[in-house]
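Please find below some notes on the model under review.

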Amino acid sequence: MSSVNLGTRSRPTSMLNTPSPPVAPRCERAKAISSFSSSGGPTKEDTVRTEEIEGPPNFDFKAYMFNKVSTVNQALEAAIVLKKPEKIHEAMRYTLLAGGKRVSPVLCIAACEIVGGSEDTAMPAACAVEMIHAMSLIHDDLPCMDNDDLRRGKPTNHKVFGEDVAVLAGDALLAFAFEHVAVSMKGVSPSRVVRAIGELAKSIGAEGLVAGQAVDIDSEGLSNVGLERLEFIHLHKTAALLEAAAVLGAIVGGGSDEEVERLRKFARCIGLLFQVVDDILDVTKSSEELGKTAGKDLVANKVTYPKLLGIHKSKEFADKLIHDAKEQLAGFDPQKAAPLLALTNYTAYRQN
């Protein structure tokens with residue numbers, strides 16, 4: 001998935017009213033984004049060293065991610081089993097279980113844990129967010145949308161099952177996500193479950209993901225798309241779902257209103273950071289390296305951060321988002337905040 005009205009949402013300070021983002025203080029371990037050359041091509045330093053993404057000292061981020069992703073994958077596998085009608089369930093599972101970084105569900109779990117909750121408590125919400133993410137990928141890839149043939153190194157859903165079944169698979173994942181939260185959540189008060197469902201619905205509807213997608217479509221081919229419009233698109237299309245993941249985790253974990261809002265702002269920064277890095281990678285990496293079609297935004301004449309700001313200013317914007325995201329975690333217990341700090345670094349320094 002803002003000064004743009006997001007209902008009850010508040011938004012961090014942004015660069016909407018300036019022609020380019022101000023230069024932010026260079027954040028610790030900001031070497032990976034800095035390694036992209038200002039000419040738009042990759043440099044020999046593009047390969048990120050492991051120590052640059054490990055996060056806080058004495059925290060094994062790779063082990064944490066491996067364990068969380070494994071648990072999430074098991075939960076997703078168990079949530080949607082093969083049954084009649086088989087074809088639709090096969091299509092749902094094809095995209096849902098196709099791998100991926102699992103950033104959203106891990107973010108949900110980490111947000112739950114930072115406010116004192118547990119992985120088990122967060123898991124239904126984490127799976128629901130990933131189901132909706134899978135739905136968005138299926139629909140994004142359709143010929144009437146981004147028209148992509150490749151996703152995570154595999155043929156896209158509609159290429160395997162046909163456009164009609166792909167649409168239905170996305171619809172079914174969306175519906176089941178809400179059912180999963182309502183039915184599978186254990187040890188959480190009904191009021192918090194209802195609050196979580198409301199947040200999830202808002203994040204993907206006409207004030208969230210759908211809004212970003214609609215404005216993105218309307219912006220294709222336009223020559224006057226500015227930073228404000230671009231940020232609106234990505235706050236809704238990309239950041240909104242990551243925001244929902246963090247907020248759901250904090251809500252079901254028992255977080256206070258202040259903690260929920262701080263994690264909301266944290267996730268919004270991460271969502272924009274993810275998109276800035278994604279835009280940079282799209283013009284500096286190959287399809288083989290990305291596991292999806294590279295350069296498609298350029299072909300579609302879409303406005304991206306590098307196209308609007310240039311590579312150098314895009315890197316500076318990313319640095320500011322890193323700083324702002326980490327600032328939101330300052331008041332939490334350092335040990336419990338370690339996964340989210342490391343996740344910030346991972347988002348910034350990923351190579352695909």
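Which elements each supply at least two residues of the lining of the second largest cavity?

1. The elements in question are α3 (86-96) and β2 (154-155); helices (H or I, at least four residues) and strands (E, at least two) are DSSP runs numbered from the N terminus. The model is predicted, with pLDDT of at least 70 needed for local features and 80 or more for side-chain atom pairs, while totals for chains, interfaces and linings use all residues. Residues are numbered from 1 along each chain as its sequence is written, and side-chain values use heavy atoms, without hydrogens and water.

2. Lining residues (an atom within 4 Å of a point of the cavity, a set of points on a 1 Å grid over the protein atoms alone where a 1.4 Å probe fits but cannot get out) include Tyr-94, Asp-141, Arg-151 and Lys-154. By class, the lining has 3 nonpolar, 3 polar and 3 charged residues; here Asp, Glu, Lys and Arg count as charged.

3. The structure holds 0 disulfides, a disulfide being a pair of cysteine sulfur atoms within 2.5 Å. Cys-112 is in none, the nearest cysteine sulfur being that of Cys-108, 7.0 Å away. For Cys-127, the closest cysteine sulfur is also in Cys-108, at 9.1 Å, and therefore too far for a bond.

4. Cys-112 is buried at 0% relative accessibility, where buried means under 20% relative accessible area (1.4 Å probe, protein chains only). Cys-127 is likewise buried, at 0%.

5. Glu-243, in helix α11 (residues 239-252), is buried with a relative accessible area of 2%. Its C-alpha atom is separated by 5.5 Å from that of Arg-268, 25 residues apart along the chain.

Definitions and conventions
Buried means under 20% relative accessible area, exposed over 50%, partly exposed in between (1.4 Å probe, protein chains only). On a 1 Å grid over the protein atoms alone, a cavity is a set of points where a 1.4 Å probe fits but cannot get out, and a pocket is an open set with protein on both sides within 12 Å along at least five of seven lines; lining residues have an atom within 4 Å of a point.
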